[in-house]
Amino acid sequence: MHHNLLKRSMRVLLVAAVLLLGVTPLMAHQAKPSGTINFAFWNYGPDAEPGWKAIIAEFNKEYPDITVKLVSATGNNWGEYLNGVATLIAGGEKLDLMWVATEGVQLLVNQLKIAVPLDDYIARDKAQLQEYLDDVNPQLLKAFQVNGKQYELPYSWNPMVIYYNTARLKEAGLEPPKANWTRDEFLKYAQALTVDANKDGTPEKYGYAFDNSGVFVSAMPWIFANGGDIVSDDFCKPTVTDPKVEEALQFMHDLIYKYKVAPGPTPLNTLFQSIQTGDVAMIGVGRWALPALYKAKFTDFDIINWPGNPNQLTEFGIDGFPILNTSPNPDLAWEFVKFMTNKSVEERLVGTVDSPLGNVPARKSVAQLMSKFPPKNGLLFYNVLDGPAKLVPAPPRFNQMESIFIRYTGSIFADEMKVADAMEAAQKELESVVKCG
Amino acid sequence: MSADTTIRSAEDVLPKVARRPVRVHWDAILTVILLLWGSAIMIAPFAWIMQVAFSSAARAYQMPPQFFPSSITLQNFANVFQDVPYLNFIRNSFFVAAAITVGQLITCPMAAYPFARLRFPGKNVLFIVLLATLMIPVQVTIVPLFIFMRQTGLYNTHWSIILPALISPFGVFLLRQYFMTIPTELEDAARIDGASYITIFWRIIVPLSMPAMMTLGIITFVFWWNEYFTPLIMLHDPELQVLPVGLTLLQGRYSAGAVGNVAAGVTMAVIPILIVFLLLQRNIIKSIASTGLKG
Amino acid sequence: MTALARTMSNPLRRAEVLTAYLFLSPTLIGFVVFIVGPVIAAVVLSTYNWNMINPAEPAGLNNYKQLLSDPRLGSIYLTTFKIAVSTVLLKLFLGLIIAVLLDTKIHNWLRTFFRLSFFFPFVVSATAVALIWSFLLNKDLGMVNWFLGLVGIQRIPWLNSSTWSPLAIIITDVWKDLGFYVVVFVGGLQTISGDLYEAAEVDGSNRFQRFLYITLPLLTPTILFLSVIGLINAVQIFAQPWVLTMGGPGDATRTVVMYIFEQGFRFFNMGYASTVALSLFVVLFGLTILQFAFSRRWVFYQ
């Protein structure tokens with residue numbers, strides 16, 4: 001590939017220049033990229049490791065002398081995975097790279113201070129990367145900037161959207177919801193889709209259901225729809241007592257106890273079943289639900305934007321690969337990071353006939369390929385970025401913030417604490433965890 | 001023939017077994033009914049989870065609860081092997097549990113023997129201290145052990161679990177109690193013949209303690225086969241993980257693991273135990289029963 | 001000469017002592033390295049703040065101050081003991097009843113079947129048991145609520161309510177361990193001589209009286225044994241609350257060991273985690289001593 005040639009000649013020039021200037025002895029070693037890099041990835045389940053092995057095989061076609069050692073860490077969500085990696089680092093693992101999402105950026109950059117800014121590398125290889133930088137929505141790039149420095153290049157991401165069972169809608173005589181629907185309209189849909197045939201007070205089929213195991217999947221989309229947030233924009237203080245936040249939580253509570261259109265918080269794996277059987281008509285999730293539905297050959301569903309109240313604001317989270325300052329080979333790691341921006345790599349995200357991976361690719365051109373797979377409205381996964389979108393709030397001590405917040409929302413959704421009391425207590429606890437300086 | 005042997009009725013001649021009770025034993029019937037209810041509650045969850053494992057995903061939560069699958073599919077089992085390195089889990093669990101069991105069956109009798117038979121300074125104090133450690137919750141030692149394993153490079157290897165478990169105060173206690181019930185005549189005779197302590201230990205005590213050793217072996221193996229907390233902390237790679245932790249890995253990202261797959265994973269974890277249990281149950285239960293007697 | 005010096009000057013006795021320590025050496029080494037060492041390290045660690053990645057900072061007694069003023073810890077301890085004591089009492093009660101029932105005259109193969117079916121859950125891993133019950137206790141889809149519905153009881157939010165979730169944990173734990181208690185009691189029952197029962201029967205007692213005045217007193221050593229080890233284990237259960245409720249809602253089913261895990265391995269407050277763990281040790285130690293002290297009042301040794 002001509003890219004390869006360009007890279008090689010640039011390298012030689014660079015080495016020569018550095019030798020002449022006598023700046024960094026490290027650079028002198030870069031005659032030919034070779035060595036081993038340790039790459040930590042989130043081993044969340046089935047396709048994770050084989051997927052990465054395939055990518056590394058492709059990487060090795062270009063860079064046969066760079067060995068990429070996979071280091072796996074498990075977890076039920078990004079937060080837990082981060083814990084796992086932190087434990088690995090504490091365990092003495094010399095990681096060069098890791099796969100990390102929004103939730104970890106502040107932690108790595110500001111708290112642990114182990115992420116390496118990529119700006120110099122990007123400037124150096126600008127010509128090579130320009131095509132990628134143009135192909136990625138600016139909101140995604142900005143998501144990985146801290147204090148004006150770029151720490152990761154976006155690889156894949158997920159917005160929260162509403163999935164609905166088309167058969168159930170038809171049954172209830174409903175038209176598919178419009179893209180700019182409001183929360184009130186959503187409620188009407190949920191009510192029409194809740195069925196209590198034997199009138200015993202407990203519905204057999206619910207209109208909507210949600211999981212409360214993480215902030216990303218549960219309360220944040222509703223809080224964003226209200227125009228609120230749980231921390232200030234500078235991540236320096238919690239804002240859970242904001243009326244916008246409390247009202248959103250009250251709404252979610254009322255879905256269960258007042259309008260009775262939702263069961264209590266239900267784990268997502270159950271919801272993936274429930275939407276197929278029709279026991280629940282609507283759920284909120286990102287693109288990563290697709291593998292389960294695809295494997296089950298389920299196609300009676302479609303997606304639509306999250307309703308606004310009244311203004312829509314889509315929540316999203318994004319992931320990429322920061323280089324860590326514990327790396328003995330940051331330049332090799334950078335080669336891998338650049339490789340991951342290639343179109344061919346991102347195409348794997350969209351999926352193959354046997355296994356759609358599930359995340360949305362960062363490149364718009366590649367994202368178009370999502371139309372090859374269900375649902376019909378699949379391109380919405382990328383096109384939400386045409387409207388307002390906001391990152392999941394991720395202060396440095398994200399996992400602690402999340403743990404405290406979902407503990408209190410758990411009490412609210414169990415109808416055991418009033419929203420105001422819960423958030424007042426949460427605010428106090430959060431203040432010791434979300435702060436600056 | 002004396003007069004005492006006159007036969008008075010058929011009952012005197014018939015063997016006892018042939019005699020049938022004349023009244024109906026209501027308490028026996030009531031007992032059986034109560035116990036049947038109890039057994040049903042014990043068995044039903046297993047029957048249900050196996051039914052879910054063998055049924056297609058959509059029918060997982062069908063009510064009224066099914067205990068026999070109406071149509072058998074092996075898809076869930078196939079999924080499990082695809083999703084997680086399940087065979088590794090089994091192999092790892094076996095290796096860890098076996099290594100620890102063998103280790104304890106060596107160190108525990110060795111330590112129990114002096115406490116049961118020998119006199120040495122510090123004997124009582126040492127024994128009490130050893131017993132006291134039974135009360136130390138694993139959480140106290142796990143944090144420093146974690147740090148220790150990390151610094152010796154043993155973190156994320158099976159040795160981080162095996163090494164600390166090679167000794168067992170519980171095992172020492174169990175065997176010491178058993179040794180003390182062995183009559184000393186054999187040993188006294190051997191001592192007179194000039195046998196060393198080591199010979200006595202190896203030739204007399206150990207062979208006579210097989211029941212207790214079996215008890216310890218079974219209890220230890222089952223305990224470590226089922227252990228969740230320590231491997232959760234000491235191991236990171238799924239390939240190295242043990243079965244209990246592996247089962248939770250089936251739950252997947254944001255709990256996206258399908259119910260049928262988890263059921264299949266659990267079923268495969270339970271069935272080998274069931275088989276081994278049925279084969280060894282007499283020994284296992286006898287061992288546990290005798291444990292309480294010495295308490 | 002001291003007793004020790006006298007011992008060591010006698011060659012036979014010297015051999016005995018050396019042999020003793022030789023045999024003890026593997027256990028002693030392991031004991032020092034893997035038990036004593038870590039306990040001391042835990043005490044030291046409790047005087048530091050350390051997140052494993054940045055260097056440890058000395059914190060003096062701050063962690064202990066935090067322990068005493070921690071708003072969550074009091075209720076977490078309460079929850080832990082509420083659950084632990086309930087499970088032990090239930091296991092003792094049900095275990096004894098079932099053991100007595102098994103002791104009646106029923107067919108041998110029936111008895112074996114019952115014994116096996118009660119004991120089997122004990123040998124299954126707590127995680128597998130918790131996973132199974134997490135499905136059974138699902139509010140809308142689980143079997144338990146379906147059966148309750150048959151008798152007209154409304155669906156109970158087993159896994160999402162501070163009233164019911166502790167009960168869910170108790171049910172799961174008792175279901176799993178009951179067989180062990182049954183079997184130990186069966187063993188204990190077999191040590192009671194049949195002569196005692198026959199004599200009592202001849203005296204005109206009924207079955208219940210025989211149970212109360214013969215069986216129960218003679219089983220008190222067994223009950224003590226079970227309650228001591230039972231409480232120590234029950235306080236440390238981890239898999240059941242972890243899988244069923246993750247400690248929720250709020251802190252309703254959060255046990256002390258879950259809190260230690262959270263502090264140490266989720267938030268990386270290694271110093272504080274050690275402090276809480278040491279407090280648990282102190283509490284367990286105290287409780288065990290108390291149990292033994294009180295045992296003189298009610299335990300009857302033959």
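Tutor: Let us begin with strand pairing: two strands pair if DSSP finds at least two bridges between them. The model before you is predicted. In chain A, strand β9 (residues 161-165) and β12(A) pair in the antiparallel sense over 4 bridges.

Student: Which residue in β12(A) does Y164(A) stand opposite?

Tutor: Y164(A) has D302(A) of β12(A) opposite it.

Student: How many helices and strands does the secondary structure of chain A hold?

Tutor: Chain A comes to 19 helices and 16 strands. Of its 437 residues, 54% are buried. Where contacts in chain A join residues at least 6 apart in sequence, 73% of them join residues at least 24 apart.

Student: Let us take one residue as an example. Why does L430(A) count as buried?

Tutor: A residue is buried if 20 or more other C-beta atoms lie within 10 Å of its own. L430(A) counts as buried because it has 25 C-beta neighbours inside 10 Å. Its place is in helix α19 (residues 419-431) of chain A.

Student: With which residues is L430(A) in contact, leaving aside its neighbours within four places in sequence?

Tutor: On that basis L430(A) is in contact with P238(A), V240(A), M401(A) and I404(A). As for P307(A), it is 123 residues from L430(A) in sequence and 28 Å from it in space, C-alpha to C-alpha.

Student: How is chain C divided into domains?

Tutor: The domain assignment gives domain 1 (3-63) and domain 2 (72-298) of chain C. The centres of these two domains, taken over C-alpha atoms, are separated by 34 Å. Their contact involves 11 residues of domain 1 of chain C and 9 residues of domain 2 of chain C.

Student: Which elements give two or more residues to the side of domain 1 of chain C that touches domain 2 of chain C?

Tutor: They are α2 (11-45) and β1 (48-49) of chain C. The largest share, 3 residues, comes from α2(C). By class, that side of domain 1 of chain C has 7 nonpolar, 4 polar and no charged residues.

Student: What are the domains of chain B?

Tutor: Chain B is divided into domain 1 (23-73) and domain 2 (80-294), and the C-alpha centres of these domains of chain B lie 32 Å apart. The contact takes 7 residues from domain 1 of chain B and 8 residues from domain 2 of chain B. The side of domain 1 of chain B that touches domain 2 of chain B has 7 nonpolar, no polar and no charged residues.

Student: How many residues of chain C are in contact with chain B?

Tutor: In this interface, 77 residues of chain C are in contact with 69 residues of chain B. On the side of chain C, α2(C) gives the most, with 18 residues. The residues of that side of chain C divide into 58 nonpolar, 16 polar and 3 charged.

How values were computed
Residues numbered from 1 in each chain as written. Chains lettered and ligands numbered in written order. Predicted model: local features only at pLDDT ≥ 70, side-chain atom pairs only at ≥ 80, totals over all residues. Buried ≥ 20, exposed ≤ 12 C-beta atoms within 10 Å, placed from the backbone. Contact = placed C-beta atoms within 7 Å. Domains from an automatic or database assignment. Nonpolar A, V, L, I, M, F, W, Y, C, P; charged D, E, K, R; others polar.
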